[in-house]
Amino acid sequence: MMRHVSVFRLKPECRTPEIIAQVEQALRDLPNRVLAITACEIGVKPAAMPAESPDGHVQFYDLIQIIDFATPEDCAAYPATEGHQTFLESTSQYMEQVIAIDYPV
């Protein structure tokens with residue numbers, strides 16, 4: 001099994017409840033669009049939490065996506081899927097930074 005983890009930092013002007021909810025819903029919809037996803041967990045940072053630590057050394061991101069795939073091939077194919085491409089098209093204008101890692105579990 002492979003796990004894909006992405007963390008999303010939205011542009012400061014996009015950290016509104018409406019936009020965060022839109023991105024969250026788009027992430028939650030991905031298993032319906034990409035059938036190779038076998039498990040999906042989405043986390044959203046509470047609005048009251050800061051964007052960075054007091055000393056500025058740690059940046060706190062806004063959303064996290066943890067999804068699983070049965071095989072390395074399914075995971076490797078994920079970025080090119082129509083569902084993932086649709087997600088990117090509908091949310092990329094809000095993103096300041098996205099970090100991802102894939103690893104076997």
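The following conversation covers salt bridges, a helix pair, cysteines and one proline in a predicted model.

Visitor: What should I know about the source before we start?
Guide: This is a predicted model in which local features need pLDDT of at least 70 and side-chain atom pairs count only at pLDDT 80 or more, while totals for chains, interfaces and linings use all residues. Residues are numbered from 1 along each chain as its sequence is written, and side-chain values use heavy atoms, with hydrogens and water left out.

Visitor: How many salt bridges are there?
Guide: The count comes to 6 salt bridges, a salt bridge being a side-chain nitrogen of Lys or Arg within 4 Å of a carboxyl oxygen of Asp or Glu.

Visitor: Which residue does aspartate 68 meet in a salt bridge?
Guide: Aspartate 68 pairs with arginine 3, at 2.7 Å from N to O. The two are 65 residues apart, with aspartate 68 in strand S3 (residues 63-69) and arginine 3 in strand S1 (residues 2-10). Strands (E, at least two residues) and helices (H or I, at least four) are DSSP runs, numbered from the N terminus.

Visitor: And aspartate 68, buried or exposed?
Guide: Aspartate 68 is buried, with a relative accessible area of 8%. Arginine 3 is partly exposed, at 23%. Buried means under 20% relative accessible area, exposed over 50%, and partly exposed in between, using a 1.4 Å probe and protein chains only.

Visitor: What does arginine 15 meet?
Guide: The side chain of arginine 15 forms a salt bridge with that of aspartate 62, at 3.3 Å from N to O. Arginine 15 lies in the loop between S1 and H1, and aspartate 62 in the loop between strand S2 (37-44) and S3, so the pair ties together parts that are 47 residues apart in sequence. Arginine 15 is partly exposed at 25% relative accessibility, whereas aspartate 62 is buried at 4%.

Visitor: Where is glutamate 96, which also pairs with arginine 15?
Guide: Glutamate 96 is in strand S4 (residues 95-104), 81 residues from arginine 15. Their salt bridge has an N to O distance of 3.9 Å, and glutamate 96 is partly exposed, with a relative accessible area of 42%. Salt bridges that share partners join Arg9, Arg15, Lys45, Asp62 and Glu96 into one network.

Visitor: Changing topic: at what angle do H1 and H3 pack?
Guide: Helix H1 (residues 17-33) and helix H3 (residues 82-91) pack at about 170°, and their axes are 9 Å apart. Axes are lines fitted to C-alpha atoms, for helices over the stretch in contact, and angles run from 0 to 180 degrees between N-to-C directions.

Visitor: Roughly parallel or roughly antiparallel?
Guide: H1 and H3 are roughly antiparallel to each other. Angles under 35 degrees count as roughly parallel, over 145 as roughly antiparallel, 65 to 115 as roughly perpendicular and the rest as oblique.

Visitor: Which residues meet there?
Guide: On the H1 side they are Gln22, Val23, Ala26, Leu27, Leu30 and Arg33, and on the H3 side Gly83, His84, Thr86, Phe87, Ser90 and Thr91, with contact meaning heavy atoms within 4.5 Å.

Visitor: Where is proline 17?
Guide: Proline 17 is in helix H1 and is exposed, at 62% relative accessibility. Its C-alpha atom is separated by 7.9 Å from that of alanine 47, 30 residues apart along the chain.

Visitor: Lastly, how many disulfides?
Guide: A search of the whole structure finds 0 disulfides, a disulfide being a pair of cysteine sulfur atoms within 2.5 Å. For cysteine 75, the nearest cysteine sulfur is that of cysteine 40, 13 Å away. Cysteine 75 is buried, with a relative accessible area of 3%, and cysteine 14 is buried at 8%.
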